[in-house]
Amino acid sequence: MDFNAEDANIFESALSDDSSRSRVYIETYGCQMNVNDSEVVASILIASGYAITSNLNDADVILINTCSIRENAETRVFGRIDLFGQVKKSKPSVLVGVLGCMAERLKDQLLEGKKVVDLVVGPDAYRELPVLLRAAENGQKGINVLLSREETYADISPVRLDKNGVSAFVSIMRGCNNMCSYCVVPYTRGAERSRDPHTIVGEVQELVNSGYREVTLLGQNVNSYHWEEQKGLVKHKISFSDLLEMVALVDPRLRVRFSTSHPKDLTNEVLYTMAMYENICNHIHLPVQSGSTRILHLMNRRYTREDYLDRIDAIRSIIPDCSISTDIITGFCTETELDHDMTLSLMREVGFDFAYMFKYSERPNTKAARQLADDVPEDVKTRRLTEIIELQGKLSEQSKKNDVGKRFEVLIEGESKKSKDEFFGRTSQNKVVVFPKENHKIGEFVFVEVTDCTPATLIGHIVEE
Ligand code: SAM
Ligand code: SF4
């Protein structure tokens, strides 16, 4: 599961062959929330008479769903917009729209620029897309970047564009209230709001009915999910652990994952719920960002190194075979060699199974950009990142070696990229395993004995339960 991949996720879809419909090509950058948002966008557009195409050259409308989390994410999108400009030169009727976080942050620059962009739509305004597209077809610029305190797209069934038919993302909340000092998300995606749990359970049930075997509940800080509803005279509160239980009970054969947990909000109650239901996967993504309490304070993360390690102890004692992954930012403002060493020592102490690691990228108008100097030189950031990546490489390898000789239940997700005789799937702990197909099918659960590993993958063969 790639939480922070900035790789283009170019959806393949042949949802309609109807050539009378205008065809929309959607390209998605950034986090899983964006992938799921593109599915909501596709659903809204199909309901308005558009068709989705996976072929850029075939498109009447090109939409790019963007990410602002780091500067390089934005640079890549500008590169793509330039390319769409070339497409537009050969086919001037094509409309180009920028969706998501960059639309929110850079609307003026996008519209002025090289006159490629016709449409700029923020993450809370996708219901307006058909109207804005019509305006753009009539030569006006279609703009809506208003953020909402209510919008959760609760009633929209996202059109699954990934074609694997096995695992799907389900957004349970939008926005973020945490205001980590380095982060642009609260500005581009607005305030936190939770989605009606009954619509979440309904969407999960629909997925099960269509053959899906795994859902990942998505939010920037899923542990702060909360919902209140009146039941007669009583106010009924639903927390994240209640929601997790409701989703786990939809079907015992449905795997349930979630992301992202914030260390300050991960309660023991959630851990006990995970331990109680076998179908809730034993994996927690718990971004630490830094091992230095001083830096965590400057980042406004609202936990200390000791608080984080206390959560790790709780995970280990309540769910002994739980894997733990994390996010790390290196080179944040004022970070010293001592702070850096504390990050390395925390990584060793926890023994993360996996990590996404980034150099700090100053984002305009965030608290850090306004109040702190981005004072760690680029070469120092690069060297520290290299050290962090090298250490994580060893930890990830060790985590895989520890699995050799063990048996795991694996959900078959697809054909291995390297061999058409092999499948790949994941363990409950979110580790990828490759094994010979035998007579099995994608979407089935099988038991796999791990016999070997590479730094990235477990290797095994199917065994009887
Ligand atoms: N909400 C999640 C959380 O708090 O952990 C994830 C948010 S963000 C989409 C994913 C990761 O990007 C963060 O955990 C952080 O490590 C990284 N990130 C966010 N802002 C960044 C910045 N300005 N520079 C470098 N990395 C950043
Ligand atoms: Fe950004 Fe912090 Fe919210 Fe995550 S929790 S989205 S890092 S502000």
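Q: Where does Thr260 lie?
A: Thr260 lies in the loop between strand S14 (255–259) and helix H8 (268–276); helices (H or I, at least four residues) and strands (E, at least two) are DSSP runs, numbered from the N terminus. This is a predicted model, in which local features need pLDDT of at least 70 and side-chain atom pairs count only at pLDDT 80 or more, while totals for chains, interfaces and linings use all residues. Residues are numbered from 1 along each chain as its sequence is written, chains are lettered from A and ligands numbered from 1 in the order in which they are written, and side-chain values use heavy atoms, with hydrogens and water left out.

Q: And what kind of peptide bond joins Ser259 and Thr260?
A: The bond between Ser259 and Thr260 is cis, with an omega of about 10 degrees. For background, most peptide bonds are trans, and most residues other than glycine have a negative phi.

Q: OK, which phi does Gln289 have, and where does Gln289 lie?
A: Gln289 is not a glycine, yet its phi is positive, at about 75 degrees, and its place is the loop between strand S15 (283–285) and helix H9 (293–298).

Q: Is Gln289 buried or exposed?
A: With a relative accessible area of 6%, Gln289 is buried, where buried means under 20% relative accessible area, exposed means over 50%, and partly exposed is in between (1.4 Å probe, protein chains only).

Q: What about Tyr153, which phi there?
A: Tyr153 also has a positive phi without being a glycine, near 55 degrees, and it sits in the loop between S7 and strand S8 (167–171). Tyr153 is buried, at a relative accessible area of 2%.

Q: Switching to ligand 1, which residues come nearest?
A: There are 16 residues around ligand 1, and those that come nearest are Gln220, Pro287, Gln289, Asp327 and Ser361; a residue is near a molecule or strand if one of its heavy atoms lies within 4 Å of it.

Q: Which polar atoms come up to it, and how far off are they?
A: An oxygen atom of ligand 1 is 2.7 Å from an N or O atom in the side chain of Gln289, and an oxygen atom of the ligand is 3.1 Å from an N or O atom in the side chain of Arg70. On the backbone side, a polar atom of Gln220 is 2.8 Å from a nitrogen atom of ligand 1. A polar contact here is a pair of N or O atoms within 3.5 Å; within protein, one must be able to donate a hydrogen and the other to accept it, and residues adjacent in sequence count only if both atoms are side-chain atoms.

Q: How much of ligand 1 does the protein cover?
A: On its own, ligand 1 has 560 Å² of accessible area, and the protein covers 94% of it; the areas come from the Shrake-Rupley method with a 1.4 Å probe, and for residues only the protein chains shown count as cover. Strand S16 (323–330) and strand S17 (354–359) are the elements that give two or more residues to the shell around ligand 1.

Q: How does the shell around ligand 1 split by class?
A: The shell around ligand 1 has six nonpolar, five polar and five charged residues, with Ala, Val, Leu, Ile, Met, Phe, Trp, Tyr, Cys and Pro counted as nonpolar, Asp, Glu, Lys and Arg as charged, and the others, Gly among them, as polar.

Q: And ligand 2, which residues are around that one?
A: Cys176, Asn178, Met179, Cys180, Tyr182, Cys183, Val185, Pro186, Gln220, His262 and Arg301 are around ligand 2, and by class this shell has seven nonpolar, three polar and one charged residues.

Q: Where is Ser181, and which residues is it in contact with?
A: Ser181 is in the loop between strand S9 (173–174) and helix H5 (185–189), and it is buried at 2% relative accessibility. Leaving aside neighbours within four places in sequence, Ser181 is in contact (heavy atoms within 4.5 Å) with residues including Leu298, Met299, Phe332 and Lys367.

Q: Last one, how many helices and strands does the chain have?
A: The chain has 13 helices and 22 strands, and 57% of its 465 residues count as buried.
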